[in-house]
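Q: Could you walk me through how to read a few side-chain features in a model like this one?

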Amino acid sequence: LLHHHHHHLLLLPSMSTSSRELRKWGAHGSVSEDLRVAMRCARASLLLRTVLFVAPRLLRVVRARFFHAPPSADPAGASKETPLGPNKEASPTFQPVLRDYLIAMLRAGTSIFALSFLFNSTYRLLLTRVQTSRSTAGLLAGLVSSAALFIEHPRDPLRTTVPQMFLVRALQAYFNRRVAKSQFVFGMQKFAHADMLLMMLTCGQVMFSYVLHPKRLPYSYYTFIQKTGPIPEVVLRNMRRLHEKVDVDVEELNQHLEAHGAPPISDPCPETLECHILHPEHPSCLRNQVRIFSDALQSSLKFYLGIFVVSTLVRQRQRIFTSLVPSLIHIGKQTMQSSVTLALFVALYQATVCVHRNVTRYMNWKRERSGTYWAAGAVAALSFFAEVKSRRLDVALYALPKAGESFYVSLSQALFRRHVQVPHADWIMFALALTLLGQAYGSHSSTMSPLLRSLFAIMIGKQCQTDDA
């Protein structure tokens, strides 16, 4: 999709275009051409959103409605309630989902249409009529087109997720620009493992929030970690009660322990939850790590196989038809490498917690320490040394907005005893991101990630992509 739409795009003038040619292009580059480009972007957005977001939900509802299949149980232990509130997927109905689907499609298509049209029109007007530089035109066009975000529903999760991801990529382009000019401080351009440092900081914050403060993470993100993680929700819930200096639910914990043949507990206020409570099915920590790695590897293989198959079909489908066997081998290698990395992450996290439990018991330190879970996340991030270096940064940048949002909530609650919400924070992030990305795309597009350049080529136009570096 990102590769085969370039020939449909609005052709903007190159850097060597003279002022007379710019005025000529501005006269012929009419509003109708901007509208046609915006319509193509809206159709592509509708198709992509249907495939990635809507189709799985509709299939799940149809399966539950017509084939009498129960909805999948929430990994938190109960399908109707989670630490983040009610599970909205516990009792799906067909009509509300279909109505939400139509409304979401209308909003998504309109917002992408407005984004493309506003950017193209503003960029063309500034470049041809006002005759500003490409950098300034891209900056102002990004600021104006960011108003398209207000078309999305205020409660739509994508209204926050998309600006966060765009802002992270904009900061990445800014960082690459400073490194290219040797203007960055602290010598970060000479640090070969800056991506791993970012990964450790990000994973530490995310896993800390996952264990002790799940409401600081998005619901879908928490459930994804819970599906892959080895500790059941009943143990995590009582671990949070212990951290808040509240008595644990002895009856609930004993039911969980008895179900796995482990001895019950009697103290309602233990100083810590020992290893035989964290993994009662395998009292031995070493054997438990082997089980965790095996289970996580099986689930990761299913997850990553679909990702790499779809990615290859979209980006390199011609290669599959010409060289099928090498393509399958490449997909299998990528799937196995990423799956082993994720399985190692889960096993390392649990191993770090178990080591801390054993060391504190040996040293007679019985108090529960919340920093253990932050450190365990940072240590588990070392597993990404097994991943391809180009994908390390992508994973870190994907998790960075979640960690940043969690850190902001933690900081605001520590300073003001409540979550301080900034009015229109999503639009502020989106406007800042589009101004930086529009400026980068118009003057130094090589600092942007390849996927983002392709996305901008579809929404804006490939010929305005220049590089003066």
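A: E387 is buried, with a relative accessible area of 5%, where buried means under 20%, exposed over 50% and partly exposed in between, using a 1.4 Å probe and protein chains only. This is a predicted model, in which local features need pLDDT of at least 70 and side-chain atom pairs count only at pLDDT 80 or more, while totals for chains, interfaces and linings use all residues. Residues are numbered from 1 along each chain as its sequence is written, and side-chain values use heavy atoms, with hydrogens and water left out.

Q: Which side chain meets E387 in a salt bridge?

A: Side chains of opposite charge can pair when their charged atoms come close. Here the partner of E387 is R391, at 3.0 Å from N to O, a salt bridge being a side-chain nitrogen of Lys or Arg within 4 Å of a carboxyl oxygen of Asp or Glu. R391 is buried as well, with a relative accessible area of 18%.

Q: How many salt bridges are there by this rule, and which residues are linked in a network?

A: The count comes to 10, and E233, R237, R240 and E252 form a linked network. Within it, E233 and R240 meet at 2.9 Å, N to O; E233 is buried at 2% relative accessible area, and R240 is buried at 7%.

Q: How many disulfides does the structure hold?

A: A disulfide is a covalent bond between the sulfur atoms of two cysteines. The structure holds zero, the criterion being a pair of cysteine sulfur atoms within 2.5 Å; for C354, the closest cysteine sulfur, in C285, is 3.9 Å away, too far for a bond.
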